[in-house]
Amino acid sequence: MSPNSSGPGALLRLVFYAAAIVMALLHVFVTFRGLSSAEGMNQAQLARQIARTGSYQTHVIEPYAWAQMEAAQKQPTPLAMPETVQPPLQPLLWSVAFRFLKRWEVYDPVTSGAIFMLDRVIACFGVTWYLLTIFFTHGAARRLFDEQVAAITAIALLVCEPAWELMVSGAPRGLLVLLFALAFRLYASAAGRAVENRGMFVPLTLLGIVCSLMVLTHWMALWIVTGIIIGTVVFLPRGKAGAIVVALFPVLTLAAWGWWNVQLCGDPLGGIKALFQAQSSAVAHDLLLRDFSTSVPLLQVDDLLRRVGLGWQDQLGLLMAHLGYVVPALLFFLSLMHRFRKADAASARWTLAVVFACVTIGMGLIGLADKDKDDNALYIVLMPAMCTFGAAMLVVLWSRFQMSGDFMARWGAPLVALLITALPLAVNLPVLMKFGLTMGGKIPPHWPPFLPERVSILRQLMEKNEFVISDSPAFIAWYGDVPCVDLCTQRGDYEVMKSKAEARGVKLAGFVMTPVSAKVERITDIYTGPYAEWRDLIVRGPMLAFDRDFAPSPEFPFKNLIPLVGQTVGDKEHLSLPMVFYTDKARSVKK
């Protein structure tokens, strides 16, 4: 709403601000159940290591990245492994706050309860990102259209429950949502100045800087930046020279990051290379990262095309979920068939369409194993900008009906769209609020597969020169505060890593198995899926409930079983153990 509005307009604006603050506080202090994103946990432990050591070290070791360093003769150790996989921006931002919170840097469920203090700090960052997203998107909508469109857009974002859940999950997509909203606002400003024959250097320079920050937040943001550059060239008046300005900053940023990776592992792409290999082959990204015996996957064009087609089929079917169930965002596609009178709005719309097309290509190539919850699902990043054009289209179409009554003539259809958008909020938030207010600090986390209080004991069971291997390394490293290697694809590779670590004074304490590897559609997938070579460790814990020990191979030394989670199955059965620490000796908790 305009700064000089008064009366009912000013009151409604204050109500909106109050509602936004209340929503932020609810999602941080009432309904929050801890981090739910594995990538968020990975970046959180990286931020803690940066705050501790002042260097870019990680406790999550990907076999692919380790093999790269071995090939470059860097002789890495799991206790001080340089990070070459994760983008740096979000961990660096978090590490600044973590430096002032060293008293709470180690998770202790006895003193801090079920929710890790630093998890809540990360959630505070997330809701701040979202409030700024609403602010920038509202500004862009008002710049391109009018106050009504801006208000519809802001309200739709406010009542979008999936977006709030994303922001407190710790996923890097949360920060990317804010950065793209800022980029959209800057593009709208540049388009407006172009129409008015004014200089665009300042907004385009800022847009280039924001594009650099997006690349440093999520590597798949390269597709977004590519779309912005193409849109600037094609649809922004006098934009060809401006596109060079926009592209210069991310190019220089990537060049600097490539130089940094060369120092760490001898490859300018570092561990990110697996991401590009996954997009050019039919092999899943996480499967490549778990491969210590690195080899370039052969390009199978027919398999790749089939995977892309199936990926697009799934994404199209779940498009509403990918867009956070925001009805105005879905109407963006309808706005592509409308001729907007304002040239800057038309320019921004077509650039956004190009960005969406680029993201669609990238999502199809990489594949989304967890569908709309996948850490590479970037459609929701575009949702606030798409919502702007969808809201404008709602206003245009509804005005054609010439309804009686001022309120219905202006807000009839938009109100229905906002009510549908708010359905997930109306269904889920009251239940979660009741749960959170009743349970307080004992609210259960995201189990399965994450139960933080049960892995915090690991650092008391292990020596300082030991590390573990797990199917959920980010979870173990963040809450257990111990170095953890991702469970390698080929079973024989763990012995190679173990021997290399021992040669550098580091010992393997054992394996921690969680419900992550046991999550399959059919039980037979355990024997044919991505963790097939570890089927004995996956099945052993649950099988103990039926007094049947699925023993590992005789040469496997880590046969001692320390239960981390036990669940009662029935009256006559024993406990099922869905989370287990397999080690080579009897261990006791160190005081």
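Student: Which residue of β6 stands opposite I469?
Tutor: F511 does. This is a predicted model: local features need pLDDT of at least 70, side-chain atom pairs count only at pLDDT 80 or more, and totals for chains, interfaces and linings use all residues. Residues are numbered from 1 along each chain as its sequence is written, and side-chain values use heavy atoms, with hydrogens and water left out.

Student: What makes β4 and β6 a pair?
Tutor: Two strands pair if DSSP finds at least two bridges between them. Five bridges join β4 (residues 466-470) to β6 (residues 507-513). Therefore they pair, and they run parallel. The strands are DSSP runs of E with at least two residues; helices are runs of H or I with at least four; both are numbered from the N terminus.

Student: How many bridges join β4 to β5?
Tutor: Three bridges do, and these strands also run parallel. β5 covers residues 484-486. There, D486 is the bridge partner of S470.

Student: Why is β4 called largely enclosed?
Tutor: Buried means under 20% relative accessible area, exposed over 50%, partly exposed in between (1.4 Å probe, protein chains only). Five of the five residues of β4 are buried, so the rest of the structure largely encloses this strand. In a regular strand the side chains alternate between the two faces of the sheet. On β4, E466, V468 and S470 are buried on one side, F467 and I469 on the other.

Student: Why is T53 called partly exposed?
Tutor: T53 has a relative accessible area of 40%. That lies between the 20% and 50% limits, so T53 is partly exposed.

Student: What makes the link between T53 and S55 a polar contact?
Tutor: A polar contact is a pair of N or O atoms within 3.5 Å; within protein, one must be able to donate a hydrogen and the other to accept it, and residues adjacent in sequence count only if both atoms are side-chain atoms. The side chains of T53 and S55 are joined at 3.0 Å. T53 lies in helix α2 (residues 38-53). A polar atom of its side chain also lies 2.7 Å from the backbone oxygen of Q49.

Student: How do you know that the length of α9 agrees with its residue count?
Tutor: The expected span is 1.5 Å times one less than the number of residues. For the 24 residues of α9 (residues 172-195), that should be 34 Å. Its end C-alpha atoms are 35 Å apart, which agrees.

Student: What makes α9 mostly covered?
Tutor: Of its 24 residues, 19 are buried.
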